[in-house]
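Open the model in your viewer and keep the sequence panel beside it. The tour below goes from one selection to the next.

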Amino acid sequence: MPSETANSPVADQGSTAPAPAVLRSSAASSGLSERRIVCMVVRQLTAELLGVVGDRAEARRARRRASCHVRQISMYVCHVALSMPYGEIAEAFGVDRTTVSHACHVVEDRRDDAAFDTFVSTVERLAESVCMVAGRPA
């Protein structure tokens, strides 16, 4: 009988001790996955809009450049319109936070062009609307 009571608390500790750690790690990963999903939605919105506005018959180099612009605009929109910090955006895109900072500066510098500014403003409004509909405050 004493051995049963000795095993009982150990079994209880073993079964309850990992649960908080599992909850913490799943909460952290679900937060990251939510951020990643938001960033990828913004990226897809940007790509789709650029595809509608842009020329479909681009050369390979131009497509690569367009892909970089999509990523930069997406990072900028996540930071400016959705108020995400550089670090969170960097994690979601799999880059360093200085890359996000550079992308934001590049896009900000290009906003002097009226057509580009209109495009970025459209992406910002759509991203804010999508996040609002999804229940995430922008």
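Start by selecting V130, which is partly exposed, with a relative accessible area of 35%. This is a predicted model. V130 sits in helix α6.

**The whole chain**

Now show the chain as a cartoon. It holds six helices and zero strands, in the order α-α-α-α-α-α along the sequence. Switch to a surface view. The chain exposes about 8700 Å², of which carbon and sulfur atoms supply 58%. Of the 138 residues, 27% are buried. Among contacts with a separation of 6 or more, 70% are between residues 24 or more positions apart.

**The core**

Hide the surface and select I73, V77, C78, L82, M84, I89 and V120. These are the residues that touch the most other members of the largest nonpolar core, which has 25 residues. Next, colour the helices that contribute to this core. At least two of its residues come from each of α2 (18–53), α3 (60–80), α4 (86–93), α5 (97–110) and α6 (114–133). Which helix gives the largest share of this core? It is α6, with six residues.

**E124 on α6**

Stay on helix α6 and select E124. Is E124 buried or exposed? Its relative accessible area is 13%, under the 20% cut-off, so E124 counts as buried. To see what surrounds it, show Y76, V77, V80, A81 and R111. E124 is in contact with these residues, leaving aside its neighbours within four places in sequence.

**One side of α4**

Move to α4 and select I89, A90, A92 and F93, which are buried. Look down the helix axis: the four cover an arc of only 165°, which puts them on the same side of α4. An α-helix has 3.6 residues a turn, so residues three or four places apart point the same way.

**The end of α4**

Finally, select G94, which follows α4. Check its backbone: phi is positive here, near 75°.

Methods. Residues are numbered from 1 along each chain as its sequence is written. This is a predicted model: local features need pLDDT of at least 70, side-chain atom pairs count only at pLDDT 80 or more; totals for chains, interfaces and linings use all residues. Side-chain values use heavy atoms; hydrogens and water are left out. Buried means under 20% relative accessible area, exposed over 50%, partly exposed in between (1.4 Å probe, protein chains only). Contact means heavy atoms within 4.5 Å. Accessible areas come from the Shrake-Rupley method with a 1.4 Å probe; for residues, only the protein chains shown count as cover. A nonpolar core is a set of buried Ala, Val, Leu, Ile, Met, Phe, Trp, Tyr and Cys residues joined through side-chain atoms within 4.5 Å. The arc is that of the directions from the helix axis to the C-beta atoms.
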